[in-house]
Structure formats: structure tokens, C-alpha cells
Amino acid sequence: MPDLLTHYTAAYFISRPSAFARFRAVFYLGTILPDIISRPFYILVPKLAVYTVAMHTPVFLVFLCLFITEFFQNDIKKVVRNYLFLGVLLHFALDLLQKHLVGGYFWFFPFSWKTFEIGLFWPETPLRFTPVWVLLILISECVIFIKKRKRP
Amino acid sequence: MFSPARSKNKNTHHRLSVILICSMAMLGLIIYGKVYNPAVTLEMCLIQPDKYDGRTIAIGTEITVHEIFPDGFTIKQFGRIVKVKGRAGNIAPDDFITLSAVFHKQGWLELKSYHVAKKRRFKIFVSIFPALLVVFIFFKSYTFDLKRFVFTERH
């Protein structure tokens, strides 16, 4: 996985259009969801890694998104579900660009154990750009702030 | 006739059913992933060395370089130290590493290829902040209604 800052930055800039405004938080949650449900387990207790194989797969995330959606008020459930799915989709799109020497992602789990990646960069490569991501977000937030102040 | 009470009851049943089905499906997938994973781990090789002698294995879960030697290095995984023979280029002790190697029943590995995950600890550290930020943004937008047990929008 690229680091969560890279995932967050991608989500931040994709969700700038006003259509995202109301459900941006849900979109962000979807974007980091695949990693926050699986990585802490095997970082804190590496022996649990074998149990987290399924947790970073599309099919698991579909069930998880449906599960989470049930904890939202009825009138927004459908939209929340769609924004969660969109966020997860963005996460997997970025993961797909990576390359691994070992493992990779099981896109068709539980039907197949085959892995596939486009192989543009190693998981730790985007780390070099973290200062750039932070700077871009800060500039964007400044621009938004100035625009808001100028409004009558 | 439309009855709000009946509709509410139906909604609750539907909600509980979805929660239950999704929970069972996720649990099933976790168990399936553990039981049917075809990957051969270092642990499996060390438990049954004769069975896996000569097998190329890929190891990548929380492995660090322990010591460097002229003919190779040792790796540490889950507190276990295993010798790896082969040319080690730009690695240093405590580096996180993933490797592909041939297992030999005497308990050592013959290196085929490796990748050093430089700054992995920094990556984990950097990832904490966006996670906290998302939690903050989420609770700024939604509040949890304990009576209905649902998130509702803050207005």
C-alpha cells in the first residue's frame, strides 16, 4: 500500500468538486478503510497477518461497506454506501499501481489466489513525496479560505 | 393501511439481517483466507523441513535483517532467526526486507531476489496522521445517536 497520506491526498483532490461536499467525510473514510481495518493487526501483532489476508480484498470491503452503511440514518444510507464504495475504489486503484516482490493483492479472492499489479512503483516510493502532498493540501486550503473570505 | 410502527419494525429487522449477514460473510472470508491460503510460509518450512526442501518461498511479513555476513545475512521473523545465503547489496541490520528464496531442509535459505522496504517505520508513522484527520473530519460531519444507534448528520 502507499502510505495513508498519499491515499488521503488523492481523495482530497478528487473530492474538491462541490458534489462531494456533503459526503466528503464518508469518501475519506472509504479511502483509508482497506488499510485501517487490516494493517494495525499485523503491525502490532505480526502473527495475525494470516487472518488479515481477506481484509484487504474487494469482496470483503463490499460487505464491510454494507455493514457500515447500516449504522447511518435511513435517508442517507444509499448515498453513504456509494461514497464508501467510491473511496474504497480509489484506494484499490492506487494500490493496483504498485509492485511487490512478495504477495500483492488478491483482487478475485475468494475465487482466485492470483495477484495482479501494474507495477509502477514500490509501496514505499510515494513516501518521498509526502512533503509535496502536505504543501499541495496547505496551498489548496489557503486558496479555499481566501475565496470564502472574499465572498460577500 | 400504513402503520409507522410496523414500518419501523420492518426496518429494524432488515437492518439486523444485513448486519448479521455481512458479519457472517466477513468472518467466513477471514477464516477462508487463513485456511485456504496456498502460500508456503517460513514457519511451515521449519516445521516440516523435508516436505518443503528445495521449494522456492516468498517471505514478506515483518521480516528484518538481523546480521550481515560475508556470504549472506540472517533474517528475523516472529523472534526466529534464519540464515540466508546469497549476495546482499544495500541492506543493513534492522532493515525491513521481503525476499524470494529456496528453502533447504537444514534450515537455511538460498537467496533468489530481495527488496528492502526503506523507511517502513516512517511510512507507518506518516500514516497515523491522515487516519486521525479522517476520524476528526468524520465526527465533525456526523454524530452518533445512541438511541437509534445510527450516525446522523450534524447541521
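A:Val26 touches A:Val80, A:Tyr83 and A:Leu84, leaving aside residues up to four places away in sequence. The structure is a predicted model, and the predictor assigns the complex an ipTM of 0.91 and a pTM of 0.90.

**Nonpolar cores**
- A:Val26 also belongs to the largest nonpolar core, which has 35 residues.
- The residues with the most contacts inside that core are A:Val26, A:Tyr8, A:Tyr28, A:Leu29 and A:Phe60.
- Two or more residues of this core come from each of helix H1 (4-14), helix H2 (24-44), helix H3 (58-69) and helix H4 (77-96) of chain A, and from helix H1 (4-35) of chain B.
- The most is given by H2(A), with seven residues.

**Helix H3 of chain A**
- The buried residues of H3(A) are A:Phe60, A:Leu61, A:Phe63, A:Leu64, A:Cys65 and A:Thr69.
- One of these, A:Phe60, is among the residues with the most contacts inside the largest core.
- H3(A) has 12 residues, so at 1.5 Å a residue it should span 16 Å. The C-alpha atoms at its ends are 16 Å apart, in agreement with that span.

**Confidence in chain B**
- The average pLDDT of chain B is 90, and 97% of the residues score at least 70.
- Within chain B, confidence is lowest in H1(B), with a mean of 90.
- Confidence in chain B is highest in helix H3 (residues 49-52), at 95.

Conventions
Residues are numbered from 1 along each chain as its sequence is written. Chains are lettered from A and ligands numbered from 1 in the order in which they are written. This is a predicted model: local features need pLDDT of at least 70, side-chain atom pairs count only at pLDDT 80 or more; totals for chains, interfaces and linings use all residues. A nonpolar core is a set of buried Ala, Val, Leu, Ile, Met, Phe, Trp, Tyr and Cys residues joined through C-beta atoms within 7 Å. A residue is buried if 20 or more other C-beta atoms lie within 10 Å of its own, exposed if 12 or fewer, and partly exposed in between; C-beta atoms are placed from the backbone. Helices (H or I, at least four residues) and strands (E, at least two) are DSSP runs, numbered from the N terminus. Two residues are in contact if their C-beta atoms, placed from the backbone, lie within 7 Å. The expected span of a helix is 1.5 Å times one less than its number of residues. pLDDT is the predictor's confidence in each residue, from 0 to 100.
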